Amino acid sequence: MSVGRGEQAFVEAVAGFATGVVVLTVRDGRDDLGTTVTSFMSVSLEPPMVLAGVASSSYLAEVLARTDRWAATVLGAGQRALAGRFAAEGRPSARLLLASEPHHRGEHSGALVLESGLTALECETRQCVEAGDHMLFAAEVLATDYIARDRQPLIRVNRRYLALS
């Protein structure tokens with residue numbers, strides 16, 4: 001069955017692609033910013049590198065373009081509400097969003113690191129690439145803060161957060 005061309009057809013096509021869910025955080029002077037991203041992947045083992053996609057029109061993209069170090073926490077199955085809070089329009093500071101969650105400042109990035117995800121990575125941007133309406137940040141992983149293999153991941157597919165059974 002042919003759906004057609006155009007933006008809506010593309011949105012429908014990629015909605016069925018399951019992705020992990022990551023909260024990306026960065027310290028901007030005295031403030032802390034964060035967002036939920038599903039455009040996140042590993043790209044290199046040597047050196048260890050990841051790629052994160054952020055909407056070009058967002059303030060976070062502007063901050064990441066001038067602040068090299070940031071953190072990425074891969075969320076677990078029980079963290080749907082947290083993913084939603086970090087994805088909401090007009091969200092407050094990441095400090096407020098994490099107020100009731102165990103967290104700390106990353107040693108290498110100064111960014112807030114959620115302690116209850118599947119893993120947390122501290123990253124340093126090596127390259128920024130404009131890609132349509134997003135900015136892609138290719139970053140070297142400076143440190144892996146923790147790994148929790150005993151937890152199930154949170155995934156996003158068909159516009160919904162799901163936990164693997």
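In the predicted model, Val26 stands opposite Leu33 in β3. The strand pairing behind this position is that of β2, residues 22-28, with β3; the two run antiparallel and are joined by 7 bridges.

Both strands belong to an open sheet of 7 strands with antiparallel pairing, in which the order is β3-β2-β6-β9-β10-β5-β4. The edges are formed by β3 (31-37) and β4 (40-44); each has a single partner strand, so one side of each is left without a neighbour in the sheet. From one strand to the next, the twist averages 35 degrees. Strands of a sheet pair through backbone hydrogen bonds, in either a parallel or an antiparallel arrangement.

Further along the order, β9 (residues 119-131) pairs with β10 in the antiparallel sense over 12 bridges. Within this pairing, Leu121 stands opposite Thr144 in β10. The hairpin of β9 and β10 has 2 residues between the strands, and Gly132 takes a positive phi near 65 degrees there. Strand β10 is also joined to β5 by 7 bridges, and these two strands run antiparallel. Here Val54 stands opposite Met135 in β10.

Two helices lie across strands of the sheet. Helix α2, residues 59-66, lies across β2, β3, β5 (49-55), β6 (69-74) and β10 (134-147), and runs at about 60 degrees to β2. Helix α3, residues 80-87, lies across β2 and β3, with a direction at about 115 degrees to β3.

Notes
Residues numbered from 1 in each chain as written. Predicted model: local features only at pLDDT ≥ 70, side-chain atom pairs only at ≥ 80, totals over all residues. Heavy atoms only, no water. Pairing = 2+ DSSP bridges. Helix = DSSP H or I, 4+ residues; strand = E, 2+ residues; numbered from the N terminus. Axes fitted to C-alpha atoms, helices over the stretch in contact; angles between N-to-C directions. Contact = heavy atoms within 4.5 Å.
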